[in-house]
Amino acid sequence: MATSSAAVKSTEKESFAALLEESLGQSESFEGTVVKGRVISIDNDMVLIDVGLKSEGRVALKEFAVPGQPASLVEGDTVEVFIERMEDKNGEAVLSREKAKREEAWTALEKSFTDQLRVTGIIFGKVKGGFTVDLNGAVAFLPGSQVDIRPVRDISPLMGTPQPFQILKMDRSRGNIVVSRRAVLEESRAEARSELVANLKEGQILEGVVKNITDYGAFVDLGGVDGLLHVTDIAWRRINHPSEALQIGQAVKVQVVRFNPETQRISLGMKQLEADPWEGVVAKYPAGARFRGRVTNITDYGAFVELEPGIEGLVHVSEMSWTKKNVHPGKIVSTSQEVEVMVLDVDPVKRRISLGLKQCLPNPWEVFAEKYPAGTELEGEVKNITEFGLFVGLPGEIDGMVHLSDIAWDRSGEEAIQEFKKGDQVKVKVLDVDVEKERISLGMKQLTEDTFEKATATGGGMRKGEVVTGTVTEVNDGGVEVSVGDGLIGFIRKSDLSRDRSEQRPDRFSVGDKVDAKVMQVDRAARKVSLSIKAKEVEEEKQAMAEYGSSDSGASLGDILGAALRKARENTAEEK
């Protein structure tokens, strides 16, 4: 038995000697070389290895482990280790599995670098400016800019997973290796791009990833080539900004809408993969029907209301309010507000729906006409004064107008309107309501009796040819203005002031003088009465001549007139 055991040991020594010879070849020094050894035992975290030297060496168990995984090593396994020193102070060989792997890796990496081949590595740490990569034992530096084609916010999904890399630079003497994952992706991307573009056609459905988002759309990576997904092609509904529906990194299904092989520009669409909501829109939204919708956008000319996803209509500013005519739409409705609207018109070809907001509310002019018919007296505030009348606020937040000609009976409109200012409370009478034109005519003078009409009414009023007595109210170069009672004003022209031409002077009269004159004309349209002193004197002369004699009687005109005047005085005395 002893002889047999010795023989076995002798055989093992010979085999390890051969193994050592195989590892070292003709090298005279063992230190600094990689040799093969056999695992003698595993004690806790240390591995005892025989490399054929005078003494065994110990290596930490963790050096045999793959990053992220436990070491799988058993007694009797053959491993390669690096001999740092023949023996230490304890007489044991100083071995390293890490350095052995590094030496192996460097040799393989140098060949890959020379042949420009890709290598596989695992990102396992982060350092300033980039990351560390394990290339099967050799540690390489991965710059942050070389991780991906586009900036990566979170690299954690890539860590601990084998990845392909391209060696950009390596220096064995300094132990420096620089790798790039981006170079591999760009090469793969170029290959995929060529294949994709060669087979691309309009109408094709593809899957991609949102790469970038702008105000006008999103760029989608189709796997080596980018396409533009315009904001109007994301969905049938209104989308103000692509970020409302998409986010970077999101996987999307798109359809090729247009493709230009020369420029290689690709236009994509998402809404084209859904049913067009405008099909059958005329039957679904007939004119006159009412619906509820949500305000999606407000402009200077109106507001857009979404009736359903993909179907929007415009409420023009003129259809928003019965009374607020010059108000910005944003003062009437707000974004996201739910409103009731009426369909006014549908154009399926242009994909336009005209909506009305005010049509769903009572028409204030119809309400006013029913509640306050012509003849109704009201009180309101003067809202505005213009060159053609007064605007007065009425119930229902609407205005009516008092025209200049309807302010006063006895004065011109220009003169009468001067008495009013904004904010005055005034009484008015409803004259007419035009619902279609949204106009209400009001009057102020109609609240009182027309003195001119009363004074000149047929059957009891002032008549043409009648002699009246009045008071001078104004004297001017053209004649004399006379008040003839009840606010009625008459005018005597200069030529009608006297029968005697020398007496036809307005300056003979003063304001307050009493005068008798004959009514020559009553102009109801112009509301004027023309008087004449001359005509009265001529008529009196004719009457005197007829009553007291003629020119052939021998009596003078003075005698005749004197007699007539005496007769008139006698009649007056008798009446008293």
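Predicted model: local features only at pLDDT ≥ 70, side-chain atom pairs only at ≥ 80, totals over all residues.
Helix α5 spans residues 364–371, and its buried residues are Pro364, Trp365 and Phe368. Seen down the helix axis, these fall within an arc of 95 degrees, so they line one face of α5. An α-helix has 3.6 residues a turn, so residues three or four places apart point the same way. The N-terminal end of α5 is capped by Asn363. A side-chain oxygen of Asn363 lies 2.9 Å from the backbone nitrogen of Trp365.

The largest nonpolar core has 24 residues. Phe368 of α5 is among those with the most contacts inside this core, together with Leu390, Val402, Ile407, Val428, Ile440 and Leu442. Two or more residues each come from α5, β21, β22, β23, β24 and β25. Strand β24 gives the most, with four residues. Beyond its neighbours within four places in sequence, Leu390 is in contact with Val382, Asn384, Ile385, Gly400, Met401, Val402, Ile407, Ile417, Phe420 and Met444. Another core, of 22 residues, lies apart from the largest one. Its members include Leu206, Val220, Ile234 and Val256.

The whole structure holds 19 salt bridges. One of them joins Arg181 and Asp148, at 3.6 Å from N to O. This pair links distant parts of the chain, 33 residues apart. Arg181 lies in the loop between β10 (176–180) and α3 (182–199), and Asp148 in the loop between β8 (138–143) and β9 (162–171). Arg181 has a relative accessible area of 11%, under the 20% cut-off, and is therefore buried.

Arg351 pairs with Asp276, with the closest N and O atoms 2.4 Å apart. These residues are 75 apart in the chain. Arg351 sits between β19 and β20 (352–356), whereas Asp276 sits between β15 (265–269) and α4 (281–284). Asp276 is buried at 18% relative accessibility; Arg351 is partly exposed at 35%.

The partners are 113 residues apart: Lys325 in the loop between β18 and β19, Glu438 in the loop between β24 and β25. Both are partly exposed, Lys325 at 41% and Glu438 at 22%.

Positive phi values occur at two non-glycine loop residues. Ser336 has a phi of about 75 degrees and lies between β18 (311–316) and β19 (338–347). Its relative accessibility is 48%, so Ser336 counts as partly exposed. Glu397, between β22 and β23, has a phi near 60 degrees. At 64% relative accessibility, Glu397 is exposed.

Note on methods. Residues numbered from 1 in each chain as written. Heavy atoms only, no water. Buried < 20%, exposed > 50% of the residue type's maximum accessible area, 1.4 Å probe, protein only. Arc of directions from axis to C-beta. Polar contact = N/O pair within 3.5 Å; in protein donor to acceptor, adjacent residues only side chain to side chain. Core = buried A, V, L, I, M, F, W, Y, C linked by side-chain atoms within 4.5 Å. Contact = heavy atoms within 4.5 Å. Salt bridge = Lys/Arg side-chain N within 4 Å of Asp/Glu carboxyl O.
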